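These are my notebook entries on one protein model. I record here what I looked up, one topic at a time.

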Amino acid sequence: MSNNILQLLEQHNNWRKNCINLIASENVMSPIAEKIYVSDLMHRYAEGMPYKRYYQGLKYFDKIEDIATEFFKQHFQCDFADLRPISGTLANMAVFSALAKTGDNIITSGIDGGAHISHENPGAAGLLGFKITHFKFDQNYNLDLKDAKFKIKKLKPKFIVLGASVIPFPFPVKELKEICKTTNTKIIYDAAHVLGLICNGFFQNPLEEGADIITSSTHKTFPGPQGGLILGNIDNNLQKKIRNKIFPGVLSNHHLHRIPSLYIALSEMKKFGKDYASQIIKNAKTLAEELYNLEFDVLVKERGFTQSHQVLVNMKNKGGGDFVAKKLEEQNIIVNKNIIQGDKLNIANPSGIRIGVQEMTRFLMKQDEMKQIAEFIKKIIIDNKDIKQEVIEFRSKFQDIGFC
Ligand SMILES: *Cc1c(COP(=O)(O)O)cnc(C)c1O
């Protein structure tokens with residue numbers, strides 16, 4: 001039995017080395033970050049805050065967590081950072097529950113507006129019993145400001161959530177700040193997808209634009225270990241409240257071995273992040289344009305397709321997102337099906353696929369490679385060709401991780 005598990009693991013590892021991974025929410029750590037990820041820390045507990053723990057044995061880890069937390073505060077220029085949430089979902093759960101209680105109004109983007117399930121029902125916000133109202137978007141992912149201001153004024157929500165899982169374009173943080181001040185509404189910006197772009201100024205800076213709090217994952221465009229974090233410019237009272245929701249609220253163990261790797265990932269971003277993020281944006285634009293030239297229905301042409309790592313393609317007339325994603329997988333190209341703006345809510349077979357170029361960018365692919373990938377996708381989906389060997393051959397030349 002255990003033998004079989006080892007075999008399967010080896011098969012997985014080998015297969016993924018031969019695949020073009022275009023899942024927008026994934027990435028790989030640098031060899032150093034990966035190496036130090038496995039340490040004695042993965043066996044330990046550290047309930048509470050550095051130097052104020054409920055267990056002994058943490059004299060070195062206290063310093064590690066303290067230094068890493070200060071590093072994030074300094075880099076993102078904010079007065080609050082907490083690296084303990086072990087996922088973006090739990091970061092949201094902690095912040096949401098600190099800001100509102102059952103029955104309170106909140107406003108989010110809705111799944112077809114790109115929201116993560118944790119903003120919605122039956123995810124975290126639903127579990128917490130909030131009354132959830134949605135912003136309105138047009139076909140081009142423009143948030144309807146007039147409608148938003150009307151809803152905020154009327155409902156006086158405890159918080160609104162901007163930022164999303166489908167996030168080709170920035171959100172209007174600045175534009176909603178004034179009205180949120182008048183209703184005492186906090187702005188949470190969920191940066192899970194775009195933290196690695198925000199990090200060096202290649203996407204909107206939510207805190208600078210007026211968001212009170214950033215919640216995020218640490219493993220999408222930001223190439224850290226899987227986990228979450230919270231950043232913000234908030235008063236002491238709210239800081240305390242959020243810390244209390246993290247522990248003892250939503251977690252006990254915070255997977256300590258993540259923290260050194262997280263520190264390394266931010267160091268790498270400080271040093272190489274500008275080149276990395278600018279290449280991501282160039283790659284995403286190139287892939288979108290090439291797919292469009294090959295007659296795919298790429299969203300949103302009117303807005304230049306994308307300003308992030310994401311490319312959205314409507315595959316409705318190609319069999320739907322589910323069909324296309326499975327067909328690509330057979331040829332070692334990995335994407336996910338996704339609800340897109342205007343879709344009838346059909347989670348099983350939505351019209352779209354969502355493509356992210358961040359991981360292949362880390363493996364040092366550039367615009368030429370994006371053109372090649374667009375060509376591969378055409379051969380598979382439009383010409384019905386079997387090109388798996390070609391894909392494997394192509395991928396074999398990109399095995400080293402850059403920007404570290
Ligand atoms: C991925 C994602 C999350 C959840 O992150 P996990 O770390 O997987 O829990 C939260 N919000 C958004 C917008 C996301 O895309």
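**Entry 1: Leu162 and its surroundings**

I began with the contacts of Leu162. Leaving out residues up to four places away in sequence, I found that Leu162 touches Phe135, Leu143, Phe171, Pro172, Val173, Leu176, Ile187, Ile188, Tyr189 and Asp190. I note that the model is predicted. I then looked up where Leu162 sits, and the residue lies in strand β7.

**Entry 2: The seven-stranded sheet**

Next I looked up the sheet to which β7 belongs. Seven strands form an open sheet with mixed pairing, and I wrote down their order as β4-β10-β9-β8-β7-β5-β6. Which strands stand at the edges? They are β4 (80-82) and β6 (131-134). Each has a single partner strand, so one side of each is left without a neighbour in the sheet. Neighbouring strands of this sheet are turned by 20° against each other on average, with direction ignored.

I followed one pairing in detail. Strand β5 (residues 105-108) and strand β7 (residues 159-162) run parallel and are joined by two bridges. For Ile106, the bridge partner in β7 is Phe159.

I then turned to the helices on this sheet. Helix α7 (residues 173-183) lies across β7 and β8 (186-190), and runs at about 155° to β8. Helix α10 (residues 236-250) also packs on the sheet, where it touches β4, β8, β9 (213-217) and β10 (228-232). The direction of α10 makes about 5° with that of β4.

**Entry 3: The ligand**

I looked up which residues come nearest to the ligand. There are 13 residues around the ligand, and Gly88, Thr89, Ser165, Asp190 and Lys220 come nearest. Which helix gives the most to the shell around the ligand? I found that it is helix α4 (residues 88-99), with three residues.

A polar backbone atom of Gly88 is 2.8 Å from an oxygen atom of the ligand. In the side chain of Thr89, an N or O atom is 2.7 Å from a ligand oxygen atom. For Asp190, a polar side-chain atom lies 2.5 Å from a nitrogen atom of the ligand. The ligand taken alone exposes 380 Å², of which the protein buries 87%.

**Entry 4: Two residues in helices**

I stayed with helix α4, where Ser97 has its place. At 17% relative accessibility, Ser97 counts as buried. Its side chain reaches the backbone oxygen of Met93 at 2.8 Å. A polar atom of the Ser97 side chain also lies 3.2 Å from the backbone oxygen of Ala94. Apart from neighbours within four places in sequence, Ser97 is in contact with Leu128 and Lys245.

I then looked up His75, which is found in helix α3 (residues 59-75). His75 counts as buried at 17% relative accessibility. With its neighbours within four places in sequence set aside, His75 is in contact with Cys199, Asn200, Leu266 and Lys270.

**Entry 5: The four-stranded sheet**

My last topic was another sheet. Four strands form an open, antiparallel sheet in the order β11-β12-β15-β14. The edges are taken by β11 (297-299) and β14 (336-338); each has a single partner strand, so one side of each is left without a neighbour in the sheet. From one strand to the next, the twist averages 40°.

How many bridges join β11 to β12? I counted three between β11 and strand β12 (residues 310-314), and the two strands run antiparallel. Asp297 stands opposite Asn314 in β12, and Val298 stands opposite Val313. On its pairing with β15, β12 has five bridges in the antiparallel sense. Asn314 has Gly352 as its bridge partner in β15.

I finally checked how β12 is covered. Five of its five residues are buried. Gln310, Leu312 and Asn314 are on one side, Val311 and Val313 are on the other, and both faces are covered. Helix α11 (residues 258-293) lies across β11, β12 and β15 (352-356), running at about 20° to β12.

Technical notes. Residues numbered from 1 in each chain as written. Predicted model: local features only at pLDDT ≥ 70, side-chain atom pairs only at ≥ 80, totals over all residues. Heavy atoms only, no water. Pairing = 2+ DSSP bridges. Axes fitted to C-alpha atoms, helices over the stretch in contact; angles between N-to-C directions. Contact = heavy atoms within 4.5 Å. Near = heavy atom within 4 Å. Polar contact = N/O pair within 3.5 Å; in protein donor to acceptor, adjacent residues only side chain to side chain. Areas by Shrake-Rupley, 256 points an atom, 1.4 Å probe, with all protein chains shown as cover. Buried < 20%, exposed > 50% of the residue type's maximum accessible area, 1.4 Å probe, protein only.
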